[in-house]
Amino acid sequence: MTTTKKQLHRIDLIFKNEQDCKEILRNALARSNQEVINEMVNSGLKGRGGAGFPTGLKWKLTAEQKVDEKFVICNADEGEPGTFKDREILTRVPHKVLSGMAVCAKIIGARKGYIYLRGEYKFLVPNLKKELRRFHDILDELGLDFRVEIFMGSGAYICGEESALFESMEGKRGEPRNKPPFPTEIGYMDKPTVINNVETLAHSYTILKYGAKKFRELGVKDSRGSKVFSVSGDTPIPGIYELELGMSVQDFVDDFGDGDTKAVQVGGASGFLVPRKRFGKTSIGYQGKLTGISLPTGGSMMIFNSSRSMYNVLNNYLDFFEEESCGQCTPCRVGCQQLLKGIKAVKRGEKPASYLDQLLKLTDTMKLTAKCGLGQSVANSFSSIVENFREEMIY
Amino acid sequence: MSNMVNLTINGIAVSVEEGQTILEAAEKLHIKIPTLCYHKDLCVAGNCRVCVVEQVGNNKLVASCAMPVSEGMEINTNTLKVRNCRKHIIELLLTEHNEECTKCYRNGHCELQELAAEYQITNQDFIDLVPDKNYTVDRISPAIEKDDSKCIRCQRCVRTCAEIQSVGAIAVAHKGSEMKISTVFDRALDEVVCTNCGQCIVHCPTGALTEKSYVEKVWDAIADPESHVVVQTAPAVRIGLGEELGFEPGTRVTGKMVSALRRLGFDSVLDTDFTADLTIMEEGTELLTRLKRALVEDDPDVALPMATSCSPGWVKYIEHKYPEYLPNLSTCKSPQQMFGALAKTYYAKNVKVDPQNIISVSIMPCTAKKYEANRPEMKDSGYKDVDFVLTTRELAVMIRQAGIEFEKLNDESFDSIMGTGSGAAVIFGATGGVMEAALRTAYEIVTGREVPFENLEILPVRGLEGVKEASIKIEGTVDDWKFLEGVELKCAITNGLENAHQLMDNIKNGESFYHFIEIMACPGGCLGGGGQPYPVDDEVRMKRMQAIYNEDSDLPIRKSHENPEIVQIYKEFLEEPLSHKSHKLLHTTYVKREQY
Ligand SMILES: Cc1cc2nc3c(=O)[nH]c(=O)nc-3n(C[C@H](O)[C@H](O)[C@H](O)COP(=O)(O)O)c2cc1C
Ligand code: SF4
Ligand code: SF4
Ligand code: SF4
Ligand code: SF4
Ligand code: FES
């Protein structure tokens, strides 16, 4: 048990509204592509959309493709329930995101970029358009041939998955594609494409401004820099917070909990539930920390106190997946229905408690065989909730 | 030469071309990996996931149909992990599935059933999801039935309809647990752009898409002592039927088929080949007449290219998608419908049977023919010209039901009249066949000489390519046709509606000019029709095609105009091609339809 309460390290980088966008861009564009790529790689920045792929490497791989037409896409689909950090970033510091896109475009050789904006965020459009006009003027002044357009999303959660997003932009049904090939090779319109989360692009601005070294000072091994979190649930202070990566869940709960925290869901519906007994042994970041478990998150941190029924929590997640699965692949489409019906049957006593073990095996199959991240990650919340709160599932 | 990639599968080394998939590499080693959504004719979907295998070093399983090989890859197809996952996936599919196999049309011919048998799925551990589903069954179309409760959502039909046929009548609707295969506004297939081609049926692994069966109706007719039941068989049936009854693809079973039909109890076993020859006479003359009007009379209203009209799937397609080209469509009915109209007139008179008592049945490689027989205008004999249309598959069902040991049957010959066909008629069953048959006759009419190809084989129009072009220079014309002297007759041939779509767009844009185009809705022509046995791929289609051309070259008469029954019918009944009587019985009209 930790006895000393440690104040979490709040960061103020992303939302700091600096007006030096043109300068930063001018400097970045003046540097060689190799230099910028090295800077990005050295920063250790990993994608903030959930999967945590190294951003510098993504840019590098796309830059290496010998193809005339390429694209940069900003993923602003933000479909995870309870998450609204990308909306905040696009509202308060859109120029940082656009600058990140422009530098990426120069490096990989793209002339066209898109912001794939969640349908519900339509109200952001007038402001974004104004911002885009200003930004395009700056690009003209700096002599960079690059234009960004806004593309309105269709409203389906799965369209946030990068390959489904491309399909949807191409006017097709939003269904994830087979991988490989990856977007760095074959993305939007079958051209090499960098697709990054809103926050990832905003961080790239920070790196370009302050340098990789400064960025690396934040966070821990393999999880560098800061991250914007959407804190919700049983907390007296819900909202958006920029925190240093690598914190333990215990420290997080000490800061944000209501004193009666039973569990924290890290990473939304597709993330993991951390029960109280694991708070100290679990940290927030990407895989590869030396000790304990490290959990990645797109930004959602949901706190549950002891009044919450974990059965209801799981039920809600499964409801969500059963509906939001694109439905194309068997393990995910049917698996989600079985999990949802299964826990209900156990609760009602129509199936024995041991049926939960059978469902756990099913989630293993889903993890191993589903076509995309959605179906593969249903197992996360299912197994972490069922294994830690088995009694609540039965009685 | 392309790069070779080395990998091992189950410890066995194999080397395949870069870009191939694990599934293809395994095939080379004769290691079978189960598949459901995969089909050689279609682009890879990777959605059923039964083909998953283990890749050493990858913590997920990979879909072997979608995963390209890479150097040094180590694959295992039969580990405990793989087997357990596959079993789970099959079990999951079955929980969504109305698994009443004994009451299912595809019982015994179903890929899902086969897989369930292979993996011995005898347990029902998971919850049956069917009671909570709102599955619908669409039985409105006269040709095709769609039963959502049998659908495994592999999207083979959707890809078929879009990629091969460029129709897009069916698509995926909704997501999650509600995801299903649907039409625009969930209308019945009969009320949308669907051409009834049946390619989706041939590509569907389960009983979700099937033909509407008329087997019982035909048994009833045969049993009725008042009825005189005549049956006609299309060219492609005789080279496809064997596949359903224990023969290798590409086996010709014409004589056994005739013998079986007689044993089933049909009163007269006749041949659509006869009206295929008749089609050549009518359509050939129509083409020459159009050319004369265009070249001699400078008639601006004459529509060229003239397009063939014997594929009812193509006819419905053009009615929906290119209605402005309806004047280009030959007015000739399909051989099936010509036969129907003659069965209740010419034939009835000849055998002295009251046409009212004639039931005319046709055996077709095609589901669109079921629809065609039900078109309201197809009643020129004064009755419904063709009463029931069965597919090749349905004929096989009847033969099995009748307890006929098909393999043991002796060869028998068609009855007469309307039972003789030429080699030119047989090749109607292959893409390019109508063109070749028409050229054999038209060239001879115009020049008095045989087409200048060895053994009458017009090779440029043969084969499975999407669009074939041929041109033939007309020289040494006889007096009546001097206006064609020196004309280079330009022709094009396509199979599969996606190719037809390309060709029509080329014509529309003015990129290509032709006098005559042959279009068949199905890949390979009728031999690959929606009523033919499954499974099918290019290899099977090639074998069937070879069988058709062998049938042609073995026949004593190879040209339509030399068919003695054709000579006879013009002499005794029709007078001449495009006569008043021909027009009444053998020609038809078309209607413009909605785009969707
Ligand atoms: C079901 C699903 C939904 C996703 N939704 C989002 C999303 O809303 N926003 C996002 O940035 N990434 C989302 N992703 C991740 C993207 O596929 C992709 O990894 C990401 O946009 C890459 O950007 P990054 O490297 O900057 O994180 C989702 C992934 C899955 C599997
Ligand atoms: S895992 Fe789910 S969301 Fe992803 S492709 Fe399969 S059905 Fe669609
Ligand atoms: S579709 Fe196949 S598995 Fe399903 S009921 Fe019919 S035969 Fe059985
Ligand atoms: S109808 Fe047949 S082909 Fe189409 S998705 Fe269903 S099972 Fe597959
Ligand atoms: S019958 Fe042909 S056109 Fe109709 S849905 Fe099937 S494939 Fe499409
Ligand atoms: S056959 Fe490979 S996923 Fe269906």
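Which polar backbone atom lies 3.5 Å from an oxygen atom of ligand 1? The atom in question belongs to A:Gly79. This report describes a predicted model, beginning with the surroundings of the ligand and then turning to the contact between the two chains.

## Polar contacts of ligand 1

A:Gly79 places a polar backbone atom 3.5 Å from an oxygen atom of ligand 1, and A:Ile195 has a backbone N or O atom that lies 3.5 Å from an oxygen atom of the ligand. A side chain also takes part: an N or O atom in the side chain of A:Lys58 is 2.9 Å from an oxygen atom of ligand 1.

On its own, ligand 1 has 610 Å² of accessible area, and the protein covers 89% of that area.

## The shell around ligand 1

In total, 19 residues surround ligand 1. The closest are A:Gly49, A:Lys58, A:Asn196, A:Asn197 and A:Thr200.

The largest share, 3 residues, comes from S4(A). Sorted by class, the shell consists of 9 polar, 6 charged and 4 nonpolar residues.

## The contact between chain A and chain B

The contact draws 36 residues from chain A and 37 residues from chain B. Between them, the two chains bury an area of about 3,000 Å², and carbon and sulfur atoms give 57% of it.

Charged and polar pairs also link the chains. There are 20 residue pairs in polar contact between chain A and chain B, both residues being at pLDDT 80 or more. The count of salt bridges between these chains is 3. One of them joins B:Asp132 to A:Lys341, with the closest N and O atoms 3.1 Å apart.

## The chain A side of the contact

Which elements of chain A give two or more residues to the side that touches chain B? They are helix H11 (310-324), helix H12 (330-347) and helix H13 (355-369). The largest share, 10 residues, comes from H12(A).

By class, this side of chain A contains 13 polar, 12 nonpolar and 11 charged residues.

Methods: Residues numbered from 1 in each chain as written. Chains lettered and ligands numbered in written order. Predicted model: local features only at pLDDT ≥ 70, side-chain atom pairs only at ≥ 80, totals over all residues. Heavy atoms only, no water. Contact = heavy atoms within 4.5 Å. Buried area = accessible area lost by both parts, 1.4 Å probe. Salt bridge = Lys/Arg side-chain N within 4 Å of Asp/Glu carboxyl O. Polar contact = N/O pair within 3.5 Å; in protein donor to acceptor, adjacent residues only side chain to side chain. Helix = DSSP H or I, 4+ residues; strand = E, 2+ residues; numbered from the N terminus. Nonpolar A, V, L, I, M, F, W, Y, C, P; charged D, E, K, R; others polar. Near = heavy atom within 4 Å. Areas by Shrake-Rupley, 256 points an atom, 1.4 Å probe, with all protein chains shown as cover.
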